[in-house]
Amino acid sequence: MLKFQITVTGVELEYEGDLGTDNKWVWDELTTKKNTRISRIFSFRLGDLLNPPTPNQDFEGYEYRFQFGTFDDGYVKIPARVLNIKNDLLISRDVTLKRSIFVAERNVSIFGRLSALLEHSDPIVIGGTRPGAIPRDVFEELVKKFPNTYELDHYADARVQTILSQYLDGMKDARGRYESYLNKKTSLSKVTKLDLDALKKLEIEKYALIRDLIDDALKTKKDWSEGEWQQLMLSFLLLLFPKYIKVLENITIHDYYSDPTKKTDRYIDIALIDASGNLDVIEVKKPFDDKILRKSLYRSNSIPTSELSGSIMQAEKYLFHLSKWGVKGENTLTTKYANELPTGMKIRISNPKAIIIVGRDQIGGTNMTDSQLLDFEIIKRKYANMMDIITYDDLLRRLNNTITALGG
């Protein structure tokens with residue numbers, strides 16, 4: 001039986017064997033070996049024993065008292081050797097000490113597993129306010145999620161079934177049973193539920209703010225330059241396109257094809273990096289009317305304006321030069337922007353795509369007809385494998401649809 005006793009200077013561990021058992025083995029190991037293992041997890045030396053037995057001690061019912069930890073500025077400091085790990089443990093004094101926070105099922109050392117994953121010997125800190133501490137609630141969740149005996153048995157059966165099923169017929173579906181168990185264990189009824197309504201409300205407010213900013217700018221900022229429109233959109237590009245995590249501006253790329261005799265520098269105003277490091281290009285143009293389809297028809301079909309064709313061609317050439325730059329370009333850009341990227345991330349030029357935000361869905365001051373919208377959609381689909389062409393009106397519609405879908 002174990003008890004953790006709080007004293008003036010720290011914590012003592014009191015150990016007494018089961019009723020009717022002889023505890024003398026503990027004393028024998030303390031005096032003949034370097035240390036002894038208590039409750040299969042805690043390791044003590046002779047010098048840790050606070051109440052050595054008398055020469056004629058009756059060990060039946062005798063209770064050993066070991067120095068377990070000392071107080072250290074709001075924490076209990078437990079030496080690494082007591083837990084047989086390489087890191088001292090600092091555990092906040094408001095955490096109730098009991099065996100279950102040190103030992104999981106089948107006598108698995110919780111801090112032993114944690115220490116084995118660390119590449120340093122700095123103290124492990126649980127709770128409290130020290131920098132780098134594992135929050136108390138996170139640690140308690142970790143303890144709860146250590147696999148129990150039932151789960152370990154299912155896992156072992158699943159491993160055996162996976163290996164032997166290709167040789168033996170008639171085996172139980174152990175893997176299916178294991179996965180079924182895990183699904184039940186992690187069902188919403190057994191885990192902390194997110195406040196989805198609150199999250200949806202925040203999402204609605206976010207998209208409504210972006211929509212209102214764009215809508216107001218379209219009505220009142222018609223004299224803005226292209227650079228000013230780019231700066232407006234830059235402020236929320238990552239919110240509009242959540243697959244991306246980083247915006248890069250004024251990127252220099254190399255063109256080896258326009259003039260084969262020399263390298264020519266080209267400049268991309270804005271690029272986006274996704275969570276895997278893949279680089280895409282985005283072009284933000286001014287929202288002029290009549291910049292998508294020509295007013296005149298060609299054989300009863302609407303065709304793109306020179307401005308739209310030029311924007312598409314510009315984006316295509318950026319993608320062409322990026323792809324030709326290849327691995328050399330990846331290394332150059334990764335080195336240049338290393339300080340702006342998550343540690344260890346590498347920029348990848350892997351089939352890059354482009355996004356073009358351009359113009360309005362208007363011709364001659366009125367909205368496009370159904371026929372014109374169809375022709376524009378055909379134009380967009382022609383380039384869909386390499387770029388997404390979005391008008392400012394289309395952007396507003398997407399935002400409105402997102403807000404409606406979220407319940408706004």
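Predicted model: local features only at pLDDT ≥ 70, side-chain atom pairs only at ≥ 80, totals over all residues.

Biologist: Which residues line the second largest pocket?

Modeller: The lining consists of Val95, Thr96, Lys98, Ser100, Ile101, Arg136, Phe139, Glu140, Val143 and Lys144.

Biologist: And how many of the lining residues are nonpolar, polar and charged?

Modeller: Four are nonpolar, two are polar and four are charged.

Biologist: Let us step back to the whole chain. How many helices and strands does the chain have?

Modeller: The secondary structure amounts to 11 helices and 17 strands.

Biologist: What percentage of the residues in the chain is buried?

Modeller: Of the 408 residues in the chain, 38% are buried.

Biologist: Now the sheets, please. What is the strand order in the open sheet of six strands?

Modeller: The order is S1-S2-S5-S6-S7-S10, and the pairing is mixed. At the edges stand strand S1 (2-6) and strand S10 (124-126); each has a single partner strand, so one side of each lacks a neighbour in the sheet. On average, neighbouring strands of this sheet are turned by 25° against each other, direction ignored.

Biologist: Which helix packs on this sheet, and which strands does it touch?

Modeller: Helix H1 (residues 24-32) packs there, touching strand S2 (10-15) and strand S5 (64-72). The direction of H1 makes about 65° with that of S5.

Biologist: In what sense do S7 and S10 pair, parallel or antiparallel?

Modeller: Strand S7 (residues 89-92) pairs with S10 in the parallel sense, over three bridges. Within S10, isoleucine 124 stands opposite leucine 89.

Biologist: What holds paired strands together, in general terms?

Modeller: Strands of a sheet pair through backbone hydrogen bonds, in either a parallel or an antiparallel arrangement.

Biologist: Then the open sheet of five strands: what is the order there?

Modeller: That sheet runs S11-S12-S13-S14-S17, with mixed pairing. Its edge strands are strand S11 (244-255) and strand S17 (387-390), each of which pairs on one side only. From one strand to the next, the twist averages 30°.

Biologist: How many bridges join S13 and S14?

Modeller: Strand S13 (residues 279-284) and strand S14 (residues 354-357) are paired over four bridges, in the parallel sense.

Biologist: Which strands does helix H9 lie across?

Modeller: Helix H9 (residues 306-336) lies across S11, strand S12 (264-274), S13, S14 and S17, and runs at about 95° to S11. Helix H11 (residues 392-405) also packs on the sheet, where it touches S13, S14 and S17; its direction makes about 95° with that of S17.

Biologist: I noticed a glutamate at position 330. Is glutamate 330 buried or exposed?

Modeller: Glutamate 330 is found in helix H9. It counts as buried because its relative accessibility is 10%, and buried means under 20%.

Biologist: Which residues does glutamate 330 contact, leaving aside its neighbours within four places in sequence?

Modeller: With those neighbours set aside, glutamate 330 is in contact with Lys346, Ile347, Arg348 and Ile349. Glutamate 330 and lysine 346 are 16 residues apart in sequence, and their C-alpha atoms are 7.5 Å apart in space.

Biologist: And serine 311, buried or exposed?

Modeller: Serine 311, also a residue of helix H9, has 5% relative accessibility and therefore counts as buried. Leaving aside neighbours within four places in sequence, serine 311 is in contact with Lys285 and Ile356.

Biologist: One last topic, backbone angles. What is the phi of arginine 40?

Modeller: Phi of arginine 40 is near 65°, a positive value in a residue other than glycine. Arginine 40 is in the loop between strand S3 (36-38) and strand S4 (42-44), and it is exposed, with a relative accessible area of 62%.

Biologist: Where is serine 300, and what is its accessibility?

Modeller: Serine 300 is placed in the loop between S13 and H9. It counts as exposed, at 63% relative accessibility. Although serine 300 is not a glycine, its phi is positive, at about 70°.

Terms used. Residues numbered from 1 in each chain as written. Heavy atoms only, no water. 1 Å grid on protein atoms, 1.4 Å probe; cavity = no way out; pocket = protein on both sides within 12 Å on 5 of 7 lines; lining within 4 Å. Nonpolar A, V, L, I, M, F, W, Y, C, P; charged D, E, K, R; others polar. Pairing = 2+ DSSP bridges. Helix = DSSP H or I, 4+ residues; strand = E, 2+ residues; numbered from the N terminus. Axes fitted to C-alpha atoms, helices over the stretch in contact; angles between N-to-C directions. Contact = heavy atoms within 4.5 Å. Buried < 20%, exposed > 50% of the residue type's maximum accessible area, 1.4 Å probe, protein only.
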